[in-house]
Amino acid sequence: MGACAVTLGLPPFLLANCWLELTAGLRLEWGAQHSATAMLPLTSLVLGAMLWPIPALVAIAAWSRVESSTLESFPGLRAGSLLRHVLWPATAAGSGFAALLSLFLAAS
């Protein structure tokens with residue numbers, strides 16, 4: 001929760017300036033035309049680094065509503081099964097909202 005608060009509290013220009021500084025050499029070497037298409041994955045990475053707390057907070061809120069009796073009724077569940085049968089269905093309802101909100105914030 002603390003990492004989410006710190007990341008949301010960072011000003012967006014800080015991540016953008018860090019990205020520009022880290023990729024300055026590549027952008028100069030590749031040229032403007034090639035650089036525009038090659039930097040799309042890095043741009044997505046920067047936006048993901050800036051907006052990951054939104055889906056994380058939605059997932060934490062959904063997982064806090066899972067009752068302990070639900071977890072106790074499935075004693076044989078391990079990591080993958082627990083995620084697939086208990087945690088993902090609890091998070092699925094809010095994940096669409098989190099994705100839409102993250103998309104709108106990234107687009108702005």
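**Exercise 1. Find which helices each supply at least two residues of the lining of the largest pocket, and describe that lining.**

Step 1. Three helices each supply at least two lining residues: H1 (2-9), H2 (12-30) and H4 (40-51). Helices here are DSSP runs of H or I with at least four residues, numbered from the N terminus.

Step 2. Note the source. This is a predicted model, where local features need pLDDT of at least 70 and side-chain atom pairs count only at pLDDT 80 or more, while totals for chains, interfaces and linings use all residues. Residues are numbered from 1 along each chain as its sequence is written, and side-chain values use heavy atoms, with hydrogens and water left out.

Step 3. List the lining. Thr7, Leu8, Leu10, Pro11, Pro12, Leu15, Met50, Leu51, Ile54 and Leu105 line the largest pocket. A pocket is an open set of points on a 1 Å grid over the protein atoms alone, where a 1.4 Å probe fits, with protein on both sides within 12 Å along at least five of seven lines; lining residues have an atom within 4 Å of a point.

Step 4. Nine lining residues are nonpolar, one is polar and none is charged. Nonpolar covers Ala, Val, Leu, Ile, Met, Phe, Trp, Tyr, Cys and Pro.

Step 5. Give the volume. The largest pocket holds about 150 Å³ of space.

**Exercise 2. Compare Ile60, Val86 and Gly96 by accessibility.**

Step 1. Ile60 lies in helix H5 (residues 53-64). At 34%, Ile60 is partly exposed.

Step 2. Val86 belongs to helix H7. Its relative accessible area is 7%, so Val86 is buried. The C-alpha atoms of Val86 and Ile60 are 13 Å apart.

Step 3. Gly96 is in helix H7 (residues 79-107). At 44%, Gly96 is partly exposed. The C-alpha atoms of Gly96 and Ile60 are 15 Å apart.

How values were computed:
Buried < 20%, exposed > 50% of the residue type's maximum accessible area, 1.4 Å probe, protein only. Points joined across faces, edges and corners; volume = space filled by probe spheres on them.
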